[in-house]
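Morning, everyone. Let me put the model on the screen, and then we'll go through it.

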Amino acid sequence: FVFPDANGKGLHFDSIQRDSTYFILSFGATWCDRCKSSNNEIRNVIAQYKEKIPIRLVEIPIDKDRQGWDNPMLRQLSIEYIPFLILVSPEGKTLARDLRAWELERTLLQILQDN
């Protein structure tokens, strides 16, 4: 996948993957207050677990205005609203979709128990 970064340039997912790093892909918009709030909550969860689980938040802006929903990437990933979070394993496998902060925390606890 190639995602737009905060500067509007293409970001190749393969280029950011690192060994043993989990990724939270956060699809949102610059004008979306709920997206900003969600990302702040996610950062707080990451801060609690970063010593035990390598995890990174990747913010993916879908558009810069409220009319930008005609996006092939969103259709391919079946994203119909924002904020929308996807948790990806170090191997590139989707572990969870449409997470909230409390669900992410529960998922990270499960990952710790499984390892």
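D98 and R100 form a salt bridge, and their closest N and O atoms are 3.4 Å apart. The rule here: a side-chain nitrogen of Lys or Arg within 4 Å of a carboxyl oxygen of Asp or Glu. D98 is partly exposed, at 24% relative accessible area. R100 is partly exposed too, at 28%. The classes are buried under 20% relative accessible area, exposed over 50%, and partly exposed in between, with a 1.4 Å probe and protein chains only.

A word on the source. This is a predicted model, where local features need pLDDT of at least 70, side-chain atom pairs count only at pLDDT 80 or more, and totals for chains, interfaces and linings use all residues. Residues are numbered from 1 along each chain as its sequence is written, and side-chain values use heavy atoms, with hydrogens and water left out.

Back to the charges. How many salt bridges does the rule give? The count is two. The other partners are E59 and R43, with the closest N and O atoms 2.3 Å apart. This pair links distant parts of the chain: E59 sits in strand 4, residues 55-61, and R43 in helix 2, residues 33-49. E59 is partly exposed, with a relative accessible area of 40%. R43 is partly exposed as well, at 37%.

Now the rings. There is one aromatic pair in the structure. Y81 and F84 form this pair, edge-to-face, at 5.6 Å centre to centre and 65° between the planes. For the cut-offs, rings of Phe, Tyr and Trp (its six-membered ring) pair if their centres lie within 6.5 Å; planes under 30 degrees apart are stacked, over 60 edge-to-face, and the rest tilted. Y81 is partly exposed, at 37%.

Next, the fold as a whole. The protein has four helices and six strands. These are DSSP runs numbered from the N terminus: helices are H or I, at least four residues, and strands are E, at least two. Along the sequence, the pattern reads β-β-α-β-α-β-α-β-β-α.

Finally, the totals. Of the 115 residues, 44% count as buried.
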